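Student: I would like a close look at a single part of this protein. Please keep to the contact between its domains.

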Amino acid sequence: MAVCPHEWLLYCRPGFEKDLSAEVLDKTAHVGQVGYPVAAPSSGHVRFVLDAAMPANEVHRALPLEALVFARQSLVAFPPLENLPRDDRLTAIVELVVASGWSFEAVWQETPDTNEEKALAGLMKALRRPLENTLKKRGALRRKAGGRRLHLFWTAGDRVQVAVSFPGNRAEHPGGIWRLKLPREAPSRSTLKLEEAWHVFVPREAWPTRLNDSMQAADLGAAPGGWTYQLVRKGMYVYAIDNGPMDDALMASGQVEHLREDGFVWQPPMRLDWLVCDIVDKPMRVIDMVERWLVAPWCHEAIFNLKLPMKKRWEEVSRCLERLATSLDQAGIRARIRCRHLYHDREEVTVHVCLLD
């Protein structure tokens, strides 16, 4: 009989394990899944251990990665293999993979996003070729295997968790991380948050129709122009709303109108294509402002940040998202709302709302 995985392995930013655990407990309860989280502080991951009679792929399908806020990656996993001998780390891994009865098209070796685990890079490099060759000989690694990927999540030199990912319900970057290069001419590092948000929330094939030079946008709390820079790069005309100074090069583009006004009260002269906002304020105050824009409606799509409290972050995010969804529903506004804690976020989450006209 094949060995079945009964854990759900989720990666996150180190320091947000409690928040991801709270989110997972809340959401699994809503879909009738029973289990408990295991997470060490600043470990960069959460193991959700399910009831032995409950295959992990059920919760994996019921709660896809795109529906989670604090998770970077979502994997179906076996319990960790521990105390692996230094002279033979491969045998236990290969035997578990073969016993699962599954086959895979690729093998990814990963570690948590912490400085301590990055020291394992040499070990993973040394194991890669013998591991792949052995799995091929045993029939577990082959070209056509339904797009499944085998993940080896190393947390120590003698400790690894064997996991599986499935196409359409996983992050396609190692560690679930979008590593973007900061443009030299960008006014601030915050520009990467909006660039990553577009990668995460807008399918690449939709960029020509949803991010193009025929569009107009508003950037609330724009100065010095990190997010405006991304809008200008896409050829948009931008209303930059902020009492602070804007970057001179952005202003020289001819695509930016800088209005020294309060972003919470400013109203656009017409319906715009995009609203973006990176204002530092209480999350619910930002929700109030965005809600006003969407109900009006003054834009077709919006991307904005919610700055989080130090404690009970999931509770605050959940409260804000529920309030926004309820308000839009009561106003008869159909919308798709998504929220993620992006790699380039720190103490905030990024929300995307697309109105369904």
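Student: Which residue forms a salt bridge with Asp19, and how far apart are the closest N and O atoms?

Tutor: Arg313 is the partner of Asp19, and their closest N and O atoms are 2.8 Å apart. A salt bridge here is a side-chain nitrogen of Lys or Arg within 4 Å of a carboxyl oxygen of Asp or Glu. The rule finds one such bridge across the interface of domain 1 and domain 2.

This is a predicted model, where local features need pLDDT of at least 70, side-chain atom pairs count only at pLDDT 80 or more, and totals for chains, interfaces and linings use all residues. Residues are numbered from 1 along each chain as its sequence is written, and side-chain values use heavy atoms, with hydrogens and water left out.

Domain 1 covers 7–176 and domain 2 covers 191–355; these bounds come from an automatic or database domain assignment. Their centres, taken over C-alpha atoms, are 33 Å apart. Each side gives 16 residues to the contact (heavy atoms within 4.5 Å).

About 1,400 Å² is buried between the domains, 54% of it from carbon and sulfur atoms. Buried area is the accessible area (1.4 Å probe) that two parts lose on being put together, summed over both. On the domain 1 side, Arg13, Val69 and Phe70 supply 40% of the area buried against domain 2, more than any other three residues.
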